[in-house]
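Please consider the structure shown below.

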Amino acid sequence: MGSAVLWGLAHLWAGRRAAGIALMGTFVTLVGGIAILLLTSRAELLALIVQPAWLWVFGLAALLFAAATVTVTVRSYQLVRPESLSGPARLLSALAVGVLCALVVAPMAYAARLAYVSQHVVTSIFTADGAPIPVDPWQGRDRINILLIGGDAAANRVGVRTDSMTVASVDTHTGDTVLFGLPRNLEKVPMPPGPARQHFPYGFGGEPPYTPGLLNEVWQYAEDHPDVVPGVPRGHRGPTLLKRTVSGITGLPVHYYAMVDMFGFADIIDAMGGVRVTVRDPIVYGRQNEGLIPAGTRRLTGEQALWYGRARTYSDDYVRMGRQKCLMNAVAKQADPVTVLRSFERLADATMHAVSTDIPQGLLPNLVELAEKVKRSKIRTLQFVPPLINTAYPDYDLIKHKIAATLVKPAPPVVAHRDDSQRFRPNTATVLDSVCG
């Protein structure tokens, strides 16, 4: 039994000193090396586990370690088993060794399974373009800009509406991050040069009288009208045009996008066992207003969290934007390693159905390293909501000016004031605490 915990003990007991020391040294080297890597090279390991080839290596290594431990355990039993054991005693001792081997194999097999599922998630969500990542993955850029989208493909509507749009601008050297929130109901959005602008020379107009022509319609309009993004295949037209459009609004090159479908996001939350948030004001949920989420700190189910992020009853788009960011932040903080491991396969399945992106697989290790820098830096947020921006008559030059000013110096302190209805409104930047509690 001791050889399953430390290879070579039985060999030393049986007088096979050379073999025992060799096995013990190999085991200590392997386990000690793994422990040192876990303690000192977390970022490097995280970068490896988002690479499909390395995930296969980890899975195979786990199985080989299990096989080696079983082999050593069985051989050790053969060396130290008393010859005088009777039939029943021999059978019981063999059964005990079999159970011990199963206890060794089970966690290693599970680790291999996790590696396989992780590999499937990475290859399903992220594109494999085959192009090698250069030595400088950011290609000399000081900032990388990623469009974060919350999609709402509700059952009562056709297509996808991008009801939450945020540009995350990350300094590639320091990890300094600014989140620029764009309201879904921006009107007269300037379109990028080319067929889209030719079709909408005075700003995006949608399909009147069926749609009002808001920013959140651009994605689906592109999917339904291939002539505005010629040469781009179905499924890619929406993100392509939306990225170009948002780039024109913000004055920032949008390099990649990542979209989370809100209904799929609810499945992720259920797989986690719910998410704990602070609800400042009671929220009506359900299409027929059949439920109520009371105020207070509570754990929400996936369905409740979905409505927490979608509901506008007795509130508005801007309060909803804040709640969506609160929800994303709460999920990110509460998805601890224990929670993830406990429900890993359910989470993986939900994630594959909820997330889409054009970030290439080859860039993932670099993004993991950058994410570690982001964690150590302060994240600032600027939302273009009233009174700063009138969504019906947006000042797009002001949006660009504010973004440029924010990226060259720290954002000024947020000043909140009460309007006639005694509701707090943010001035130039959003105060998530006023929504998140």
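## Contacts between side chains

Lys375 has a relative accessibility of 60% and therefore counts as exposed, the cut-off being over 50%. The model in which this residue is viewed is a predicted one. The partner of Lys375 is Glu372, with which Lys375 forms a salt bridge whose closest N and O atoms are 3.8 Å apart. Both residues belong to helix α15 (residues 364-376), and because they are three residues apart there, about one helical turn separates them.

The salt bridges of the model number seven. One of them joins the side chains of Glu345 and Arg113, with an N to O distance of 2.9 Å. Glu345 is part of helix α14 (residues 344-354) and Arg113 is part of helix α6, so this pair ties together parts that are 232 residues apart in sequence. Glu345 is partly exposed at 35% relative accessibility, and Arg113 is likewise partly exposed, at 37%.

Another salt bridge is formed by Arg380 and Asp176, with the closest N and O atoms 3.2 Å apart. Arg380 lies in strand β10 (residues 379-383), while Asp176 lies in the loop between β2 (162-171) and β3 (177-182); the pair therefore ties together parts that are 204 residues apart in sequence. Arg380 counts as buried, with 16% relative accessibility.

The aromatic side chains come next. Ten aromatic pairs are counted in the model. In one of these, formed by Phe200 and Tyr221, the ring centres are 5.3 Å apart and the planes stand at 65 degrees, so the pair is edge-to-face, given that the cut-off for this class is over 60 degrees. Phe200 is in the loop between α7 (195-199) and α8 (218-224), whereas Tyr221 is in helix α8 itself; the pair therefore ties together parts that are 21 residues apart in sequence. Both Phe200 and Tyr221 are buried. Elsewhere, one aromatic cluster is formed by Trp7, Phe27 and Phe65. A ring can also face a charged side chain: Arg323 lies over the face of Tyr308, at 5.7 Å from the ring centre.

Helix α8, which holds Tyr221, also contains Glu223. With a relative accessibility of 6%, Glu223 counts as buried. Its C-alpha atom is separated by 8.9 Å from that of Pro233, which is ten residues apart from Glu223 along the chain.

A further buried residue is Ser76, at 4% relative accessibility. Ser76 is located in helix α5 (residues 52-80). A polar atom of the Ser76 side chain lies 2.6 Å from the backbone oxygen of Val72.

Val99 is partly exposed, with a relative accessible area of 45%.

Technical notes
Residues are numbered from 1 along each chain as its sequence is written. This is a predicted model: local features need pLDDT of at least 70, side-chain atom pairs count only at pLDDT 80 or more; totals for chains, interfaces and linings use all residues. Side-chain values use heavy atoms; hydrogens and water are left out. Rings of Phe, Tyr and Trp (its six-membered ring) pair if their centres lie within 6.5 Å; planes under 30 degrees apart count as stacked, over 60 as edge-to-face and the rest as tilted. Helices (H or I, at least four residues) and strands (E, at least two) are DSSP runs, numbered from the N terminus. Buried means under 20% relative accessible area, exposed over 50%, partly exposed in between (1.4 Å probe, protein chains only). A charge sits over a ring if NZ of Lys or CZ of Arg is within 6 Å of the ring centre and within 35 degrees of the ring normal. A polar contact is a pair of N or O atoms within 3.5 Å; within protein, one must be able to donate a hydrogen and the other to accept it, and residues adjacent in sequence count only if both atoms are side-chain atoms. A salt bridge is a side-chain nitrogen of Lys or Arg within 4 Å of a carboxyl oxygen of Asp or Glu.
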